[in-house]
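Have the sequence and the structure open as you go.

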Amino acid sequence: MPLGHVGWGSAAAVGVLFAGLLGTAPAHSAPSLSATVTPTPTPSPTPTPEPTPTPTPDPTPTPVPTPTPSPDPTPTLDPRLLAPDVIALPASELSIQNSSDGRRLRFASSLANTGLGPLEVRPNNSRPCPSGQHHSTQIIYRDANVNGRYNLRRDTAVARRPAGCMVYHPYHEHWHFKASARYTLLEPSADRRVVVTSRRKVSFCLRDTDRVPRHIGVWSHPEAFGSCTRRTPQGISVGWMDVYQSFLAGQSLTLPKRLGDGVYCLETVVDPLDQLTETDNENNSSIRALAIRGDRVVRRDQAPCR
């Protein structure tokens, strides 16, 4: 009988026979309960790697700031020099002028010298100036006997300082010291002053017009600077003042067309460009309180303008 057609019983016998010959249990026998079971080893946990510490960077050094150099101090005036001290007196001769251009506030200005020596400037060509102008040199007299007072006969040595340019005035036919004064009309308020109108630079021919009011001081120096010419020195003697009357050119401010009535402050500043050497630059301005009522103007108490 072919092997592929052996019956179940014969097949089983053949299987036992093969098993006996091989010395092993039949393939379908159950495993012995006494057999040792080898446990599956638990894998060791993978150690968490310690983080590599980030090194602390070296602190960035704080740069030492470069000190800002202090500006050179203003050189102290040589005490042997008898310098002037030009002050501005409050405006006077107040009036309103009507014209086709509107209203103009007219006024007189007074520049006084209350210093140790005369204010003196001389036209020359020692430095360049724009066309139609001359350079001006300020003359400051030296105190020969160191008594702090100017003496015409003794104090003859001088120091010279550049003092800007002088402008030729064709109507007056002589030189004017440029930027002698500046005028500003201000509207006072609680926290600030509002500029209403201004004339930045006014040129003067500097001369002795009148002595300063007695409440300012009394000096005995004679008049030294008279009428201006094209070549003569100009100046203001100690105890004198140069008065520019209200009818002269430059002695007015144009009022805005819609300027209302009220109290205003008229400020006068002498030497606004700081071209002159003086003993004191902190007293170069004055203020005048005034009230405008249409075409009229009157002085008022100074309190609103202080």
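At 22% relative accessibility, Cys129 counts as partly exposed, a class that lies between buried (under 20% relative accessible area) and exposed (over 50%), using a 1.4 Å probe and protein chains only. This is a predicted model, where local features need pLDDT of at least 70 and side-chain atom pairs count only at pLDDT 80 or more, while totals for chains, interfaces and linings use all residues. Residues are numbered from 1 along each chain as its sequence is written, and side-chain values use heavy atoms, with hydrogens and water left out.

**Disulfides**

- A pair of cysteine sulfur atoms within 2.5 Å is taken as a disulfide, and by this rule the count comes to three.
- Numbered in sequence order, the bonded cysteines of the protein pair as 1-2, 3-4, 5-6.

**Cys129 and Cys165**

- Cys129 is joined to Cys165 by a disulfide, S to S 2.0 Å, and the torsion about the S-S bond is about -90°, so this disulfide is left-handed.
- The pair links distant parts of the chain, 36 residues apart: Cys129 is in the loop between β4 (119-124) and β5 (133-142), and Cys165 is in strand β6 (residues 158-169). Strands here are DSSP runs of E, at least two residues, numbered from the N terminus.
- Cys165, at 15% relative accessibility, counts as buried.

**Cys205 and Cys228**

- The sulfur atoms of Cys205 and Cys228 are 1.3 Å apart in their disulfide, and with 85° about the S-S bond the link is right-handed.
- Cys205 sits in the loop between β8 (193-204) and β9 (210-211) and Cys228 in the loop between β9 and β10 (234-236), so the pair ties together parts that are 23 residues apart in sequence.
- Both Cys205 and Cys228 are buried.

**Cys265 and Cys305**

- A disulfide also joins Cys265 to Cys305, S to S 2.0 Å, and this link is left-handed, with -90° about the S-S bond.
- Cys265 lies in strand β13 (residues 262-270) and Cys305 in the segment after β15 (296-299), so parts 40 residues apart in sequence are tied together.
- Cys265 and Cys305 are both buried.

**A strand pair**

- Strand β2 (residues 86-99) pairs with strand β3 (residues 102-113) in the antiparallel sense over 10 bridges; pairing requires that DSSP finds at least two bridges between the strands.
- β2 is joined to β3 by a hairpin through two residues, and Ala88 has Leu111 in β3 as its bridge partner.

Definitions and conventions. Helix = DSSP H or I, 4+ residues; strand = E, 2+ residues; numbered from the N terminus.
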